[in-house]
Amino acid sequence: MKKVLITGLNSYVGNSFAKWVKDDTELSVEKISLRDGAWRGKDFSKFDVVLHVAGIAHVSTDPKQEQLYYEVNRDLTIEIAKKAKQDGVKQFIFMSSIIVYGDKIKDGVITEKTVPSPANFYGKSKLQAEDGILPLQSSNYNIAVVRPPMIYGKYSKGNYPKLAKIAKVSPIFPDIENQRSMLHIDNLSEFIKLLILNEDKGFFFPQNEEYVKTSEMVKLIGEAHGKKVKLVKIFNPFIKPFINKSNVLNKVFGNLKYEIETNKISKVNLKKSIDLTEI
């Protein structure tokens with residue numbers, strides 16, 4: 001049985017993963033708080049894996065917060081990774097983000113050749129954390145960097161709940177063709193489990209098996225609540241010219257997808273994932 005240490009007591013990803021493998025006979029999980037320095041005195045040697053999910057997850061534009069982002073997302077990550085290696089842990093999994101690619105992605109398609117170019121200090125802090133831990137890789141210490149797209153699921157935060165609110169109240173929604181990579185929390189949890197069991201290293205880009213069309217997702221959310229959302233094209237001429245000019249419209253109707261086939265997870269399909277999230 002592999003012993004996994006999860007950093008952070010209040011992480012949505014960490015707590016969801018712990019719940020996912022609660023009855024698993026191949027993994028055991030323990031969580032630790034990083035809010036004070038007490039973790040520095042803890043012996044990590046009994047763990048096979050450190051799953052590092054602690055950090056500041058939301059995007060802020062407040063310049064006063066910039067230093068905090070680097071201290072938590074970059075410096076703390078590197079310190080934890082170094083301690084894990086020193087104590088004899090065999091694998092370190094770092095939860096990074098698709099945000100390291102920034103907002104100037106050609107056609108909204110990310111390939112293996114796409115170079116990260118973060119647009120804000122959240123993305124920069126994540127990318128610099130990656131750069132700081134990768135040199136620690138050795139023959140007996142595997143570093144796995146996970147760059148998930150938008151994560152959603154029951155009680156998740158971010159853009160998904162905002163769309164869900166619209167789906168619950170609006171009778172119509174613009175029918176605009178787009179494709180976005182998304183990742184249901186159960187698919188992510190299963191992916192992390194496989195990373196651990198396979199003792200993987202390198203970069204990983206997990207996503208649902210299906211790309212998501214925003215309007216279809218809104219329709220499915222409505223159906224989960226017994227409500228019909230009609231998709232209409234009447235607003236398209238007023239929306240399409242501004243998708244690439246407005247951050248808000250781009251997040252809703254723009255393309256943002258991984259064109260990397262190897263990391264698609266099909267444990268939960270789109271319809272089922274919406275039902276699990278909404279019901």
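Q: Let's start with D107: buried or exposed?
A: In this predicted model, D107 counts as exposed, since its relative accessibility is 59% and the cut-off for exposed is over 50%.

Q: Where is D107 in the fold?
A: D107 is in the loop between β4 (91–95) and β5 (109–110).

Q: And what's phi doing at D107?
A: Phi of D107 is near 60°. That's a positive value in a residue other than glycine.

Q: Which value does phi take at E199?
A: Near 55° for E199, again positive and again in a residue other than glycine. E199 is in a loop too, the one between α5 and β10.

Q: How accessible is E199?
A: E199 comes out at 45% relative accessibility, so it counts as partly exposed.

Q: OK, what does the side chain of E199 pair with?
A: With K2: the two side chains meet in a salt bridge, 2.7 Å from N to O. The pair links distant parts of the chain, with K2 in strand β1 (residues 2–7) and E199 in the loop between α5 and β10 (202–204), 197 residues apart.

Q: Is K2 buried or exposed?
A: K2 is buried, because its relative accessible area is 19% and buried means under 20%.

Q: How many salt bridges does the structure hold?
A: There are 13 of them.

Q: Give me another one. What does E130 pair with?
A: R147. The side chains of E130 and R147 form a salt bridge at 2.6 Å, N to O. That pair also links distant parts of the chain: E130 is in helix α3 (residues 121–133), R147 is in the loop between β6 (142–146) and β7 (150–152), and they are 17 residues apart.

Q: What about K233, which residue does it bridge to?
A: K233 forms a salt bridge with D175, and the closest N and O atoms are 3.5 Å apart. K233 lies in the loop between β12 and α7, and D175 in the loop between β8 (172–174) and β9 (182–184), so the pair ties together parts that are 58 residues apart in sequence.

Q: Switching topic. Which residues make up the nonpolar patch on the surface?
A: I172, I234, F235 and F238, with about 420 Å² of accessible area together.

Q: Where does F235 sit, and how accessible is it?
A: F235 is in the loop between β12 (230–232) and α7 (236–239). F235 is partly exposed, with a relative accessible area of 35%.

Q: What lines the second largest pocket?
A: The lining has 14 residues, and S16, K19, K154, I185 and D186 lie nearest the centre of the pocket. The elements giving two or more residues to that lining are α1 (12–20), α5 (185–198) and α9 (270–278).

Q: Which element gives the largest share of that lining?
A: α1, with 5 residues.

Q: How does the lining split by residue type?
A: The residues lining the second largest pocket divide into 6 polar, 5 nonpolar and 3 charged.

Q: α9 came up there. Where is K272, and is K272 buried, exposed or partly exposed?
A: K272 is found in helix α9. K272 is partly exposed, with a relative accessible area of 46%.

Q: Last one: what's the distance between M182 and Q207?
A: M182 and Q207 are 5.6 Å apart, C-alpha to C-alpha, and 25 residues apart in sequence. M182 lies in strand β9 and is buried, with a relative accessible area of 3%.

How values were computed
Residues are numbered from 1 along each chain as its sequence is written. This is a predicted model: local features need pLDDT of at least 70, side-chain atom pairs count only at pLDDT 80 or more; totals for chains, interfaces and linings use all residues. Side-chain values use heavy atoms; hydrogens and water are left out. On a 1 Å grid over the protein atoms alone, a cavity is a set of points where a 1.4 Å probe fits but cannot get out, and a pocket is an open set with protein on both sides within 12 Å along at least five of seven lines; lining residues have an atom within 4 Å of a point. Helices (H or I, at least four residues) and strands (E, at least two) are DSSP runs, numbered from the N terminus. Ala, Val, Leu, Ile, Met, Phe, Trp, Tyr, Cys and Pro count as nonpolar, Asp, Glu, Lys and Arg as charged, and the others, Gly among them, as polar. Patches are made of residues with over 30% relative accessible area and no salt bridge: like charges are joined within 9 Å, nonpolar side chains (Val, Leu, Ile, Met, Phe, Trp, Tyr) within 5 Å. Accessible areas come from the Shrake-Rupley method with a 1.4 Å probe; for residues, only the protein chains shown count as cover. A salt bridge is a side-chain nitrogen of Lys or Arg within 4 Å of a carboxyl oxygen of Asp or Glu. Buried means under 20% relative accessible area, exposed over 50%, partly exposed in between (1.4 Å probe, protein chains only).
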